[in-house]
Amino acid sequence: MTAATEFTPLASLMGGGLIGLSAVLLMAAFGRIMGATGILAGVILPRDMQDFAWRAAVVAGMITGPIIIWLATGTTPDVSVPVSTPMLIVGGVIVGIGVTFGSGCTSGHGVCGMARLSPRSIAATLVFMIATFVTVYIVRHLIGA
Amino acid sequence: MRLFSAYLIGIIFGVGISISGMANPAKVLNFFDIAGTWDPSLAFVMGGALVVTFIGYRFVLKRPTPFAANSFQIPTGRAIDARLIGGSALFGIGWGIAGFCPGGALPALGTGVTQVFIFVAALIAGILIARALLTPRNRGMAAT
């Protein structure tokens with residue numbers, strides 16, 4: 001039986017707003033999509049030094065986020081992992097393959113792509129959202145993992 | 001200065017992800033568990049992000065160029081092809097198994113929780129596998 005989590009409309013809305021702000025700023029400053037997949041891929045498989053540098057800086061900033069929260073509030077954000085380590089590994093590899101073939105993830109397609117009304121991103125987002133709903137149902141209610 | 005700006009933008013994303021709950025697999029998986037311990041919070045994350053980005057992009061993309069780059073690098077692909085759909089389906093399956101997506105996991109590394117590192121290592125492995133499958137001499141195998 002999985003534990004319930006608190007419904008946090010305000011915090012989630014604010015967090016979402018900040019995510020959106022970062023996307024707008026990245027586009028305004030550097031003309032880039034705030035897509036975690038592409039940014040990470042450009043760090044692990046760099047094209048050139050300049051391209052690697054801004055991507056690495058963004059990733060470093062992302063990782064700094066929880067540290068800022070810890071400095072401001074004294075606690076780090078909750079990261080409760082209700083799945084086994086094998087599931088993390090299997091899921092992680094599948095995500096990595098999926099976002100590469102699919103050219104993006106929740107931030108790239110779901111936020112940035114949909115915000116500019118890209119049909120590709122709308123299609124991608126619909127598909128991965130449905131796939132996630134179905135997978136969670138199967139894993140939690142059919143398999144019982 | 002450019003790199004420091006990129007770093008700051010990353011921080012804003014990381015703080016947003018942290019506050020929103022996207023870095024918390026328990027919360028993420030509960031959003032997708034409509035038949036169980038449903039937590040609708042993530043809808044508000046998407047909503048908040050979409051509204052801000054939609055409005056912001058409309059202003060920003062009117063400019064001739066970005067402030068610190070020569071041009072806007074907007075994806076130009078139009079085709080909704082098998083690779084897009086298949087890849088997105090796989091992404092959803094993996095997300096539903098692990099509870100992390102790339103944008104949620106990268107900031108979560110900053111909490112030091114071991115499982116995040118395990119997921120990100122697997123994520124990187126998956127990206128490398130997919131890239132290897134997609135390189136030109138292998139394209140026959142990955143042909144859509």
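The model is predicted, with pLDDT of at least 70 required for local features and 80 or more for side-chain atom pairs, while totals for chains, interfaces and linings use all residues. Residues are numbered from 1 along each chain, chains are lettered from A, and side-chain values use heavy atoms without hydrogens or water.

The two helices, residues 49-73 of chain A and residues 2-20 of chain B, pack at an angle of about 40°, with their axes 6 Å apart. Axes are lines fitted to C-alpha atoms over the stretch in contact, and angles run from 0 to 180 degrees between N-to-C directions. The crossing is right-handed (the near helix is turned clockwise from the far one by less than a right angle).

Chain A has six helices and zero strands (DSSP runs of H or I, at least four residues, and of E, at least two). Its C-alpha atoms fill a box of roughly 45 × 40 × 30 Å along the principal axes. Of its 145 residues, 54% are buried (under 20% relative accessible area, with exposed over 50% and partly exposed in between; 1.4 Å probe, protein chains only).

A:I122 lies in helix 6 (residues 119-143) of chain A. Its relative accessibility is 33%, so A:I122 counts as partly exposed.

In chain B, B:S41 belongs to helix 3 (residues 41-60). B:S41 is buried, at 0% relative accessible area. Its C-alpha atom is 16 Å from that of B:G96, 55 residues apart along the chain.
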